[in-house]
Amino acid sequence: MRRTLPSTQALACFDAAARHESYTRAADELALTQSAVSRQILSLETFLGVALFRRTRHGVALTPAGGSYARQIGPRLQALERDTLDAMAHQGHGGALSLAAVPTFATRWLIPRLPQFAAQHPDIVVHIDTRTRPFLFADTGFDAALYAGTPEQVAQWPGTQAHLLLHEDVLPVCSPHLLEAATQRGRGRAHVGVSPQVLAELPLLQQSTRPYGWRQWFEAQGTSASRSLEGPRYELFSMLAVAAAHGLGVALMPPLLIEAELARGELVIACQQPLRGERGYYLLSPLQDRAPVLDAFLPWLQAQAAS
């Protein structure tokens with residue numbers, strides 16, 4: 001069956017013109033003349049039977065139909081270009097995995113371990129882009145997603161299969177200097193954690209997306225903490241880690257996201273009382289059209305999580 005597809009040249013011209021809302025700037029980006037861009041877009045409008053741009057005093061502007069088409073075409077052109085570059089790079093060998101991931105987990109847990117994967121599978125390259133919310137795989141070029149969420153949130157992601165990698169257990173952590181100020185230790189002895197009652201009197205760093213995190217932790221320890229909702233708020237775990245390392249207060253964090261800071265001694269565990277969080281880290285992939293490279297990546301990822 002013949003496919004109903006316009007030319008890729010026309011789509012490239014439309015995509016550039018839509019992003020800039022300018023034929024002139026699109027021509028500069030594509031190293032074409034303005035008249036060439038105009039002809040390509042006219043041919044695309046003729047092919048579709050839809051006006052994509054309207055003339056204005058300052059140039060051109062997208063029509064509603066043009067804006068909707070641009071939002072659909074842009075990601076698909078990027079995926080087509082990426083797949084083409086992968087095919088050129090691998091020359092029929094190995095493959096590439098396009099992964100959507102929550103940023104802190106990707107930066108602090110996954111990427112430091114990727115050299116091990118590269119050593120075992122030198123013919124596979126892993127591309128990573130940031131996504132924090134569920135999406136439809138059919139609308140993107142992603143093969144899989146690393147997602148942090150509750151079991152209920154994962155179950156509501158349609159058309160996917162999920163593999164639990166890690167639970168998000170959290171512990172209080174802070175700079176060693178802050179802990180030294182809270183409790184004395186003998187010369188040459190390692191830092192010793194303090195009780196929840198002592199923590200309740202220290203500055204607490206809050207995560208803005210989990211405003212009741214400290215309250216839940218203190219309640220789990222059976223400790224009253226009138227200031228559990230007080231303290232500066234930060235959106236990302238990476239921000240909390242930096243703030244805690246600089247002595248601004250105690251942060252409630254998953255140790256798996258601060259392995260480097262703990263190893264360097266920039267952060268220490270302030271109290272050895274973990275709290276099992278509601279969220280976990282999952283690898284999700286589409287039920288249909290599973291990428292073959294996942295047959296190598298998923299078992300490796302599960303082994304890393306288990307260790």
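Which side chain does Asp139 meet in a salt bridge? Please set the pair in the context of the whole model.

A: The model is predicted. In it, the side chain of Asp139 meets that of Arg76 in a salt bridge, at 3.7 Å from N to O. The cut-off for such a bridge is 4 Å between a side-chain nitrogen of Lys or Arg and a carboxyl oxygen of Asp or Glu, so the pair at 3.7 Å qualifies.

Where do the two partners sit? Asp139 is in the loop between strand 4 (124-130) and strand 5 (144-149). Arg76 belongs to helix 4 (residues 64-90). The pair therefore ties together parts that are 63 residues apart in sequence.

Asp139 has 37% relative accessibility and counts as partly exposed. Arg76, with a relative accessible area of 39%, is partly exposed as well. The class follows from the limits: buried means under 20%, exposed means over 50%, and partly exposed lies in between.

This bridge belongs to a set. The structure holds 11 salt bridges. Side chains of opposite charge can pair when their charged atoms come close. The protein carries 26 positive and 26 negative side chains. The centres of these two sets lie 4 Å apart.

Take another bridge, between Arg19 and Glu29. Their closest N and O atoms are 2.6 Å apart. Arg19 lies in helix 1 (residues 8-20) and Glu29 in helix 2 (residues 23-30), so this bridge links parts 10 residues apart in sequence. Arg19 is partly exposed, at 48% relative accessible area. Glu29 is also partly exposed, at 40%.

A further bridge joins Glu266 and Arg264, at 2.8 Å from N to O. Here the two ends fall into separate classes. Glu266 is partly exposed, with 32% relative accessibility. Arg264 is exposed, with a relative accessible area of 53%. Bridges can also share partners: Asp15, Arg19 and Glu29 are joined in this way into one network.

For contrast, consider a buried position. Pro172 has 0% relative accessibility and counts as buried. Its place is in strand 6 (residues 160-174). Leaving aside residues up to four places away in sequence, Pro172 touches several others, among them Leu199, Trp214, Trp217, Val250 and Cys271. Val268 is also one of its contacts. Pro172 and Val268 are 96 residues apart in sequence, yet their C-alpha atoms are 8.7 Å apart in space.

Now the whole chain. The protein contains 13 helices and 11 strands. Its radius of gyration is 25 Å, well over the 19 Å that the globule rule gives for 307 residues, so the protein is more spread out than a compact globule. The C-alpha trace spans about 80 × 50 × 35 Å along its principal axes.

Of the 307 residues, 43% count as buried. Among contacts with a separation of 6 or more, 72% are between residues 24 or more positions apart. The accessible surface comes to about 16,900 Å². Carbon and sulfur atoms account for 53% of that surface.

Back to the pair in question. Asp139 and Arg76 join a loop to a helix across 63 residues of sequence. Asp139 is partly exposed, and so is Arg76.

Conventions:
Residues are numbered from 1 along each chain as its sequence is written. This is a predicted model: local features need pLDDT of at least 70, side-chain atom pairs count only at pLDDT 80 or more; totals for chains, interfaces and linings use all residues. Side-chain values use heavy atoms; hydrogens and water are left out. Helices (H or I, at least four residues) and strands (E, at least two) are DSSP runs, numbered from the N terminus. The radius of gyration is taken over C-alpha atoms; the globule rule is 2.2 Å times the number of residues to the power 0.38. Buried means under 20% relative accessible area, exposed over 50%, partly exposed in between (1.4 Å probe, protein chains only). Contact means heavy atoms within 4.5 Å. Accessible areas come from the Shrake-Rupley method with a 1.4 Å probe; for residues, only the protein chains shown count as cover. Lys and Arg count as positive and Asp and Glu as negative; His and the chain ends are not counted. The place of a charge is taken as NZ of Lys, CZ of Arg, CG of Asp or CD of Glu.
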